[in-house]
Amino acid sequence: MSGTAGTAGNTGAPRSAALTTSGWRRIIRDQPLIPLVVLLAALIALLEVAKPGIVSGNWVATTVRAAIPLAILAACQTLSMLTGGIDLSVGAVASMAAFLMATLATGQGPIVALAVAFAAALVAGLVNGVGIGLFKVHPLIMTLGMSLVVLGLMSVYGLLMVRSGTLIPDQILWLGSGISLGFVPNSLVVFVPIAALIVVGLRRSGYGRLLFAVGDNAVAARLAGTRVWQVLLALYILSAVLAAVAGILITGVANTATVSLVEQSVLPSVAAAVIGGTSIMGGRGGYAGTIVGALILTVLTTLLTVLEMPEAVRQVLFGAIIVAVAAAYTRVTGEG
Amino acid sequence: MSSGEATVPRDRAEIVALAGSWARRNVWTLGLLGLLVVFFAVTRILQPNYGPAAIQGLAIAILPIAFAAVAQAVVVISGGIDLSVGSMMALASVTSAVLMKDQGDLFGVAVVVGVLLLGLVVGAINGALVVVTKVPDIVVTLAMSFVWAGTALLILNTPGGGAAPWLMAIISGPLGTPWLPKAMVVLAVLVAVVWIPLRRSTLGLSLYALGSSPLAAFRSGVAVGPTKIIAYTLTGFFSALGGLALTATGGVGAPVPGSYTLQSVAAIVLGGVSLAGGRGGVLGPIIAVIVLALVRTDLFFAGVDPNWSTAIQGAILIGVVMFGSLVAMRRVRV
Amino acid sequence: MIDVGSDLLLSATDVAKHYGAVVALRSASLAVRPGEVHALMGANGAGKSTLVKILTGGVRPDHGEILVRGKPFAAHSPSEARRGGIVSVYQEPALIPDLDVRSNLRLTQSPVDATRHWLAELGIPDLDLTDIVRDLPLASLRIIDLARALAIEPDVLMLDEMTAALPANLTERVLEVIGRQKGTDRSVIFISHRLIEIAAVCDRATVLREGSTVGVVDVSAGSEDRIVGLMLGDIARGGPVEPADSSARAARAADAVPRLTTRNLTVGTKLSDVSFDLYPGEVLGVVALEGQGQDELFDVLSGSERPSGGDLLVDGAAVSFRHPADAIRAGLVYVPADRAEALLMQRSVRENIALPFTTPFGAWGPIDVREERRKVDKAIATLQIDTRAASEVRRLSGGNQQKVTIARWVAGGVRTMLCFDPTRGIDIGTKQQIYQLLRDLAAAGAAVLLYTSELKEIQLACDRAIVIFGGRIVAEIAVVDADEATLLRAAYDLRPEELMPDEVASAAVAVEATETSPAGPA
C-alpha cells in the first residue's frame with residue numbers, strides 16, 4: 001500500500017516536499033473541521049452583507065432550531081456511511097413516527113403516542129438491519145424499499161385515521177419550536193445529549209470503533225472477530241430511532257404532521273454528512289463535521305432565501321456542492 | 001432480444017434448439033410473462049369489463065415508467081446505478097413542454113430531437129462525473145438528481161407548457177386491433193430500435209462485460225472509462241424518452257420528478273437485472289413495470305385502498321432483492 | 001546468449017521496476033527465439049509476476065528495452081500488448097462470467113472457427129458456444145482462454161501456470177498442443193511450478209532470482225537440478241543457516257498434548273487428507289509453492305472457511321468454526337500475508353491494535369481508555385513499532401504495518417498464532433524482529449504455525465516443517481535437515497532419490513559457509 005521506505009527516519013523525508021506544496025491537503029485530511037467552520041463563518045458574513053442586521057441572537061436561535069432536526073437525520077447518514085452504507089428510509093421513518101404520534105395523541109395521550117411511534121421506528125430499523133446485515137441487500141435498495149413500504153402503510157393508516165385528526169402535544173411544540181432566554185432553542189435539550197453521545201461514542205465506545213472498522217475494511221473486521229451483521233443490525237435500528245426523534249422534533253417546529261413531512265430532508269441529510277467529511281465509502285468521518293455541515297446547509301438556505309433565489313437554485317446548488325465536496329475529499333484522501 | 005445469434009436458423013430443429021437455449025437463459029423473464037398472464041386473468045375475473053379501453057389506459061399510464069426502467073436497466077447492467085433518472089425525466093419533460101407550447105408540428109419534431117440530444121448530454125455529464133471524480137456513482141447521481149430537478153424547476157415552476165398534438169396522438173388509441181394500444185407499439189419500437197442493435201454490437205457486449213467483471217473486461221480489451229460514460233449517456237437518452245412520454249401522456253410538462261427513480265430500481269430488480277451488474281435485459285424490466293401496474297389495478301378492483309399498492313410495491317422490491325441475495329449466497333457457498 | 005537481436009522473436013533487456021523503495025525487478029532479461037517454448041522460472045518473489053505484467057501491458061517498466069520481432073514494444077493495456085504481438089493466458093481466465101462463449105469471442109474479436117479448431121485439439125470438441133461462462137467448470141474456462149489465444153496466432157503466447165486446475169487428460173493435450181508450436185515462427189513463454197512439464201515441453205528456461213535474470217538453461221534430461229540450483233543461487237552451495245537448538249525444543253514438545261490437531265482435513269479439491277499436530281512451545285513451518293492448498297488450510301484454521309471433510313481439534317477437543325470469532329475464542333489468531341486484508345488502513349495504530357478487544361458483543365460499551373492504552377503501549381513496545389505516523393496505518397512502512405497486525409494479537413496474549421507469510425515484502429531488519437518474536441512466543445508456551453515463501457526462514461524460526469504439494473502433505477522435515485535446497489526439492493515434489501542426504505551433506509561440508517546475501521526484494 002504505502003510506498004514509504006521501511007527504515008526508520010526515512011518516513012517523512014520523501015513526502016515533505018509534497019506536503020509543503022499542498023499543506024491545505026493535510027489540513028483538510030487531518031482537521032476537516034477547520035475549513036468547515038471557516039466556510040460557515042464566511043456564509044454568515046455573506047448573509048450579514050446581503051441583509052445587514054439579520055444576524056442576531058434570535059437569528060442564531062432560529063437557525064440552530066432549524067438545523068437540529070437536519071443534524072439528527074444527518075447523524076443517521078453519518079453512522080451508516082461510516083460502515084459504507086446509507087439510510088434513505090430516514091425520511092419515511094421520521095414522518096411515520098411524527099404522524100403516528102400526532103394521530104394517536106388525540107385519543108391515547110402523548111406518552112402512549114410516543115411509545116407507539118418509537119416502537120414502529122424500531123421495527124422499521126430492525127427490518128432494514130435484517131435485510132442489510134443478514135441478507136446482505138445493498139443498503140440503498142433496502143432502505144429505499146423500506147421507505148416505500150412505510151410510506152404506503154402510513155397512507156393507508158392516514159385514511160383510516162382521517163376522522164380522528166392530528167394533535168401535536170404542547171410538550172412537543174415546546175420542544176420543537178420553543179426558544180428560551182431569547183436565544184436558546186429548547187430542542188437543544190434533546191440534541192445536546194444525542195450529539196455528545198454520538199461524538200464521544202464514536203471515539204470511546206467499542207461499538208463506535210466497530211462502525212469505523214466495518215466501513216474501513218469489512219474483511220479485516222471479520223478476521224479480527226467482528227460479527228459484522230450484529231454491527232449492521234444495531235446500526236439500522238439506531239438510525240431508525242434517531243430518525244423518529246428528528247421526525248417528532250420536526251412536527252414540533254412545523255406544527256403539522258403528514259405522511260411525507262420529512263421526505264424533503266432526506267437528500268439534505270446526506271449532503272450534510274458528505275460536506276461534514278464523512279466518506280460514503282466508509283471508515284472515515286465523524287459527527288462533529290456533520291453538525292457543522294447541517295449548519296452550513298441551513299445558513300445557505302437562509303442566504304438563498306434572502307437573495308430571493310427560487311427553491312430550484314437551492315437544489316442545484318446543493319447538488320453541485322455535494323459532488324464538488326465529495327470529489328475534493330476523494331482527491332485529498334485518496335492519495336494512498 | 002435474441003441471444004445474439006448472427007446466423008439464420010435453417011431448419012425446425014435448429015429453431016427449437018435456439019428457442020430452448022433462449023428460454024433456458026431467460027427463465028426469469030418467462031416467469032414474469034407467466035405472472036403477467038396470471039395477473040391479466042385475475043383482472044378479468046375481478047372486472048369482467050376489463051377490455052381494450054382499459055388496456056390502452058394502462059399502456060399510456062406505464063409509458064414513462066417503462067422508459068425509466070429501461071434507462072435504469074442499461075446503467076445497472078454496466079455495473080453502475082443512476083439515481084437521477086426521475087430528475088432527468090422531469091428536465092426533459094419541462095423542456096419539451098415549454099418549447100412545444102403553441103408551436104407547429106414541424107417545430108415539435110425538432111423539439112423532440114433536441115430533447116433527446118439534451119438527454120444524451122445530461123447523461124454524459126453524469127457519466128463523466130462518475131468516471132473523473134472517482135466518487136461513488138450513488139453519491140454522484142444522488143447529487144445530480146438535485147441539480148437536474150432544480151434545473152427543471154427553473155425552467156418551469158409548476159406543471160404547464162404543452163405538448164404537440166401529434167405527440168399526444170401517437171400514443172393514444174389502438175393500432176389495427178383494439179387490443180393493441182399504440183403506446184405499447186411506440187414503446188416496443190423505440191426500445192427495440194436502440195436496444196437490439198446495441199445488444200448485438202461490441203459496445204453492447206462491452207456494457208455487459210464491464211458490469212460482469214471489470215478486470216476480465218479490461219483484459220478483454222474493453223475501454224473501461226469511455227464505456228461507463230456511454231452507459232450513463234444511454235441512460236440519459238432513455239430518461240429523456242421517459243420525460244417526453246410524461247409530456248405526451250399528461251399534455252403538460254411535469255417539473256417534479258415523482259418517484260420514478262425509485263420505481264425504476266424496483267422494476268429492474270423485479271425484472272431480473274442483477275444490481276451487481278452484467279445480468280438481465282430490458283424486456284424483463286418492462287414486463288415488471290406492467291406487472292406492478294396490474295397489481296395496482298387488481299388491488300383497486302378488489303376494493304383494496306390504492307394506498308396499499310405503494311406498500312406492496314416496496315414489499316415486493318424488498319422480497320425480491322432478499323430472495324435474490326439468498327440465492328446468490330447459496331451459490332457462493334456451493 | 002549468442003543470438004543477436006534480429007534473430008529473436010522477443011527480447012527484453014535489463015528491465016527494471018521499482019515500487020517506491022521496493023525493487024520488484026532489478027535487471028531482468030529474456031530472449032525468446034522463434035519457434036521455441038521458453039520456460040520462465042523463479043522462486044516466489046523473484047520478479048516473475050512483475051515481468052509478466054510488464055510484457056502484458058499491466059505495468060510500465062522504469063527502464064529497459066523490449067523488442068518484438070525487432071520492433072520496440074510498449075503497451076498500456078492487454079489489448080495494446082495483443083496488438084504488439086503478445087497474448088497472455090492468465091491464471092484467472094479473462095472471460096466475462098455473464099456472457100456466453102460466443103459473445104466472449106466476439107468481444108475480443110477472436111475468430112470462431114479457429115477457436116473451435118483449437119478447442120477440439122485441446123480436448124473439448126463438443127463445447128456449446130452458447131453456454132454461459134459462469135456455468136462452465138474452471139478447467140474448461142482455462143482451455144477456452146487458451147484456444148482463444150491460439151486462434152489469433154500471436155507472435156508470443158504467454159501461459160501463466162496454464163496446467164493448474166486442469167485434470168490429467170487435459171494437461172496432456174495442452175502440453176501436446178504447446179509442443180506443436182515448436183518449429184513454427186511463433187513462440188510460447190511457459191510459466192509453471194511443475195518441473196516435469198518444463199522438462200516435457202520446454203526448449204530453454206530463463207531463471208530469475210531477486211529481480212534479475214541469473215541464467216538461461218537448455219532444457220534436457222537432468223536439467224531440473226541446474227534450474228533449481230540457479231533459483232537458489234549461492235545458498236545452494238552454502239551450508240545450512242545454523243539451526244537453533246532444536247533438540248531441546250523437540251523434547252519439550254514431545255510429551256505435551258497438541259495445541260492444534262488436524263485429521264484428514266479436506267477442502268474441496270484444493271486440500272486433501274491433511275493431518276498434523278502443532279504442539280505448545282513450537283513453531284511449525286509450512287512450505288509450499290504458490291497455490292498448493294496452503295491458503296485453504298489457513299482459511300479453515302482461522303475460521304474463514306469451513307472444511308469439506310476431516311476433523312479439527314484444539315487442546316484435544318473437536319472444534320468447528322463458523323466465523324473467525326469462533327477461532328479467536330478457541331485461541332487461534334491469524335496473521336495474513338496481505339496486510340490490506342488485516343488492517344483498517346485509514347485508522348490509527350492504536351485502533352488497529354485494540355480492534356479485537358471491542359469485537360465481542362459485551363465490549364460494545366465505553367472503552368476503558370487507561371487499560372486499553374496500557375495493553376496497546378505494551379504491544380507497541382514489544383514489537384518496537386515506529387509510531388511517528390501512527391494516525392493512519394496506511395502511512396506506515398510495510399514492516400511496521402505487519403508489526404501492527406501481529407501486535408493486535410500479542411496485546412491480548414497469544415495461545416496459538418497462525419502466520420501466513422508474515423514477512424512478505426518487508427525489510428530484513430523487521431523480518432529478524434518477527435522471527436525473534438515468534439521464537440519468544442513459542443518459548444513462552446504459545447504454538448505457532450508459520451507458512452513462509454522464503455525457505456530460509458524455516459531454519460531461522462521453526463522447529464520442524466511440513467511440505468504441501470498438490471493439496472497433500474508430501475514431507476515432514478526436521479529443522480536440521482531443512483536447508484533451502486532440501487525444502488525446495490521437496491516443495492517441487494521431486495522424487496526422494498534426488499534428495500540424496502549425503503549429497504546435500506557433502507555439499508555443505510565441501511563449500512565454505514558463505515555469508516548469505518540479505519535477500520529478496522524488501
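So, helix α15 of chain A: what do its buried residues pack against? On the chain A side, they pack against α13 and α14, the latter covering residues 287–306. From chain B, they meet α5, residues 105–133, and α6, residues 137–155. Keep in mind that this is a predicted model.

Which residues are the buried ones? Reading along α15(A), we have A:Arg314, A:Gln315, A:Val316, A:Phe318 and A:Gly319, then A:Ile322, A:Val323, A:Val325, A:Ala326 and A:Tyr329.

α15(A) has 23 residues, and at 1.5 Å a residue it should span 33 Å. The C-alpha atoms at its ends are 33 Å apart, so the two values agree.

Okay, let's zoom out to where chains A and B touch. Chain A puts in 39 residues and chain B puts in 38. On the chain A side, the elements giving two or more residues are α7 (139–160), α13 (266–275) and our friend α15 (311–333). Which of them gives the most? That's α7(A), with 14 residues. And if you sort the chain A side by class, you get 28 nonpolar residues, nine polar and two charged.

Now, how confident is the predictor about chain A? The mean pLDDT is 85, with 90% of the residues at 70 or more. Helix α12 of chain A, residues 228–254, has the highest confidence, at a mean of 94. The lowest is helix α1, residues 13–21, at a mean of 43.

Last stop, chain C. Here six strands make an open sheet with mixed pairing, and the order is β16-β17-β18-β13-β19-β20. Why do β16 (332–335) and β20 (472–478) each have a side without a neighbour in the sheet? They stand at the edges, and each has a single partner strand. Going from one strand to the next, the twist averages 20°.

β13, residues 283–287, and β19, residues 464–469, run parallel in chain C and are joined by four bridges. If you want a spot to look for, find C:Gly285, which stands opposite C:Ala465 in β19(C).

And what lies across this sheet? Helix α17 of chain C, residues 428–443, lies across β13, β17 (416–420) and β18 (447–451). The helix runs at about 150° to β18(C). That's my tour, thanks!

How values were computed
Residues numbered from 1 in each chain as written. Chains lettered and ligands numbered in written order. Predicted model: local features only at pLDDT ≥ 70, side-chain atom pairs only at ≥ 80, totals over all residues. Contact = placed C-beta atoms within 7 Å. Nonpolar A, V, L, I, M, F, W, Y, C, P; charged D, E, K, R; others polar. pLDDT = per-residue confidence, 0-100. Expected span 1.5 Å × (residues − 1). Buried ≥ 20, exposed ≤ 12 C-beta atoms within 10 Å, placed from the backbone. Pairing = 2+ DSSP bridges. Axes fitted to C-alpha atoms, helices over the stretch in contact; angles between N-to-C directions.
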